Structure formats: C-alpha cells, structure tokens
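Open the model in your viewer and keep the selection tool at hand.

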Amino acid sequence: MASPSKAGAALAALREDLVGDVFAPSDAGYDEARTVFNAMIDRRPAVIAQCVDENDVVRAVRFGRDLDLNIAVRGGGHSVAGTAVNDGGLVVDLRHMRAVSVDPAAEAVRVAGGATMSDLDRACQPHALATTGGRASTTGVGGFVLGGGSGWLDRWCGLAVDNLLGVELVTADGERVHASADENPELFWGLHGGGGNFGVATALTLKLHELPEFSIALVLYLPEFGPEVTRTYRELITMAPDEASGGVLYLTGPPEEFVPPHLVGSLLCGALLTYAGPEEDMRKLAEPLLALPHESEIVGAMPYADVQCMLDDPPGMRNYWSAEYLTSAPDVYLDAFCAGGAAMPPTGTIHVLFPQGGAIAAGPHEYPVPYRDAPWAVHPFAIWEDPADDERCVSWVREVRAAAQPWSTGAVYLNFIGDEGPERVVAGLGPENTRRLADLKRRYDPDNVFRFNHNIRPA
C-alpha cells in the first residue's frame, strides 16, 4: 500500500485528470456513490472514480495500480454479491457511460459499459429490433452479457453472449484491447461467460434481431392451483415454438394494476407466457393457461421494452438469490417447486421456474456456459426489507436449492447467484473451461487485479 503522502498526491492528480467525478469518504455525495442495488452490501471504498469515457477508465485503472488498490468495477451495480463495490479499494464506476448506438442496417448495437438494460431496449425499440436482455430493466448490460445473459428472448435468439460481436476492454495494465472473433479470439472466447475477470468492458457490440411484435399472457391464480398451473405450463412450453418463453412463478401480490386489490399481499401463483411474435399466435398458445380458474389476466401485445420493466425488483431492498439448472421437470419435482412456493417468505420474494431449450440448447457449445443444455432452471429470488428476516429468507433460498438437487445438472448461471464459493464458480464455467480461463487470466491479469467478481484465479 502506498504511503499517505503518495496516496494524497495521486488522489489530487486523479481529481485533476479525470473528466468525471472522484469521491473519497469525506466528500459530499460519497454515500450515494457507494450505494448498490442490494441493501445487504455496505462497503466503503477508498476512492470512487465515476468515469465518463474510455480515457477516464484508463486513468482510473492506472491510478489504482500505482497505489496497489483493489479494483472493483461498477456497471449496473446489480450483482447480488455486491461485486460493484469494495472496502478500502478503488471503484471504477461506469454509470455515466451509457450511450447506445443502433445500426439498423447492420442489425447491431454498440452499448457503452455503464448502460442498463432499459437504455439498450429503449434505443432498439423504435427500430423494431432487440436482443436477449435481462429480466429487470435496471440490470447493467456489461455484467449481464459477459456473465452469459439469460432473458425472455433467449429461447428465440440465444443467450446474450451468443449475440456478442465485440468487446472494448481496458486491461489490468491500463491498456486498451479489442476482442472479437477475428481479433484476440481467445480473449473473446473467455468473455463469453468469464465475466469481468479480464478487464473493464467499456463498450460491447451485440447482434440484433427483428422484433416487430411482442406479446404476453400473465395469468394469476390462487396458490392451491399451483400444481395444475405448473403442469399445464410445462406441457404448453414443451410443445411451443422457440418464440415462446416466460415461466411459472410464486409471488406475494404487489400493489400493481394487474393484481386485484383484495389479493395484494397474498400468496399467488402466476404463469407468464412471453412471445416474440403476434398476439394472435400467443393467444392460441395461452388457451390452456386461461382455461384454468384464475384471478386476473393481462393478455395482449405489449412493447418488449415495457415487458422488460414489469418484474423490476425495487432498489434499497435486501437480496439473496440462487439457482439450480435441471435435467427435467417431472411431476414429483413440480410438487417440490410448488411446496417451495407455499413456504416462501411473504416479503416481496419471487420463486421462478424458467424454461430453456430452443436457441439456448442449439447455440455454440464451445463457450464457458455449461448450463446451456438444461431444459429448466429454478431461481429462488429472495427480497426483503427488514434485517430481522435475513435468516429465514436466506434459509428459504437454500431449502429450494436442496429440494432441486435430485434433478440438478450441477451447472449454474453465475449471474443468478451470489458468493457461493469457488466450487460454484467452477460449476458456472465448467471444469475444463475453468482451466483454460485460468491460463487466459494469467495472460491478461496475472495479479488478479479484477477479483471482485465470480473470480477466476490465474493459473
């Protein structure tokens, strides 16, 4: 660690050189700048550098290296593990780097490293184009894509990482690198699931797909109908075209228009059918779900960017999530899923079963995303406000995972989990891929500067 005099001089120089703002603990605005999405995370970095362009990122990384500071990178700040912030180190904050540039003729989009899913979706909507995005509009695009990227469109156009065309990166040495299929192809491979281990992604280029129409059916049921709903959804999606996705979920009725007032605060089972196509086709698919006794429904065409905001989880809440990827979803598992829903803490928590298949399973198998072949994923998503609920909410997530073990493939999507130890990181990358990624890490970040992530240690 640098001496106080050297650190003070370096910080003064950074304040002078950086176009964006620099925050230290004594500065007004510091507490706001260090706050992340998950209220369980309360960390105090020594310096927060809010970069406005790639040059700022280079300056910030070199500042951190000169002072031997740990470096965390903040895009959307949506990591449940709180990897966007650290104690006593440097945060390279990309939130002001949110530009999105759509090239309709090339069906491609360039997204700056701090852009959120809403920035991406809203920019693409006027062109009737889209690509796989996260299921919450506040998610950062960079971390989402580099971690693999699962969303409502993935059965139709693949995981987000399958649509990655190029990445602009600032490495641990403060050097600019471009990675694509033709340029630094091994690094490009590693960025397909390896997350932020190899540098700061200042921009990503993604393939877009024509999406002139999007439609949904969101149907809410009393929880006692859960077993029938889950079986109906399973049969429906198994026979559905790749345009169809969604999931079955348990939730506590939120104070939203789609929830009848007398059911706000009550446990509900829901079926969400999303469809990358016209309302007419979606309605035919949804008929079995609508035929079951239900309390409310939203059925119709809706702009994709609006659907992306429907299930946004509110900021300022405490969060603990996990996931298991499943070999199948037989009746005996669906009963276990429903039992998990019935036991769910009524705190804002959501319990979801997602379908995979389609373009996910058909996508390129050489990338480090070993959960690709699983037909189903269960995602217990605990959200609560009172720290007194910490133990029961975390325990519930772990119980859901334990109940799924007989059907687990062992693989996992790392963006869905917090810090669950190094073995789970290997499960999220695959053992052989992990070894190859460790060699790549040694080449680009031998000192493990970028360790605030699902970390790959240099070989």
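Sorted by class, the lining of the largest pocket holds 14 nonpolar, 11 polar and six charged residues. In that sorting, Ala, Val, Leu, Ile, Met, Phe, Trp, Tyr, Cys and Pro are nonpolar, Asp, Glu, Lys and Arg are charged, and the others, Gly among them, are polar.

Before you click further, note that this is a predicted model: local features need pLDDT of at least 70, side-chain atom pairs count only at pLDDT 80 or more, and totals for chains, interfaces and linings use all residues. Residues are numbered from 1 along each chain as its sequence is written, and side-chain values use heavy atoms, with hydrogens and water left out.

**The pockets**

Select D419, R451, N453, H454 and N455: of the 31 residues lining the largest pocket, these lie nearest its centre. Then colour β16, α14 (422-429) and α15 (431-444), the elements that give two or more residues to this lining. Helices (H or I, at least four residues) and strands (E, at least two) are DSSP runs, numbered from the N terminus. The top contributor is α14, with five residues. The volume of this pocket is about 650 Å³.

On a 1 Å grid over the protein atoms alone, a pocket is an open set of points with protein on both sides within 12 Å along at least five of seven lines, while a cavity is a set where a 1.4 Å probe fits but cannot get out; lining residues have an atom within 4 Å of a point. Points are joined across faces, edges and corners, and a volume is the space filled by probe spheres set on them.

Next, go to the second largest pocket, of about 330 Å³. It has 18 lining residues, and P254, D312, P314, G348 and I350 are the closest to its centre. Its lining comprises 11 nonpolar, four polar and three charged residues.

**A cavity**

How many cavities of 30 Å³ or more are there? The count comes to two.

**The cores**

Now show L164, L187 and F198, which touch the most other members of the largest nonpolar core, a set of 79 residues. Such a core consists of buried Ala, Val, Leu, Ile, Met, Phe, Trp, Tyr and Cys residues joined through side-chain atoms within 4.5 Å. Buried means under 20% relative accessible area, exposed over 50%, and partly exposed in between (1.4 Å probe, protein chains only).

Centre on L164: leaving aside neighbours within four places in sequence, its contacts (heavy atoms within 4.5 Å) include V145, L146, F188 and L191. Another core, of 41 residues, lies apart from the largest one, and V248, V378, V394 and V400 are among its members.

**The rings**

A search of the whole structure finds 11 aromatic pairs. Rings of Phe, Tyr and Trp (its six-membered ring) pair if their centres lie within 6.5 Å; planes under 30 degrees apart count as stacked, over 60 as edge-to-face and the rest as tilted.

Pick F214 and Y304: the ring centres are 5.2 Å apart and the planes at 75°, so this pair is edge-to-face. F214 sits in the loop between β11 (209-210) and β12 (215-221) and Y304 in helix α10 (residues 304-307), so the pair ties together parts 90 residues apart in sequence. Both F214 and Y304 are buried.

Finish at W321 and F381, whose ring centres are 4.5 Å apart with planes at 15°, so they are stacked.
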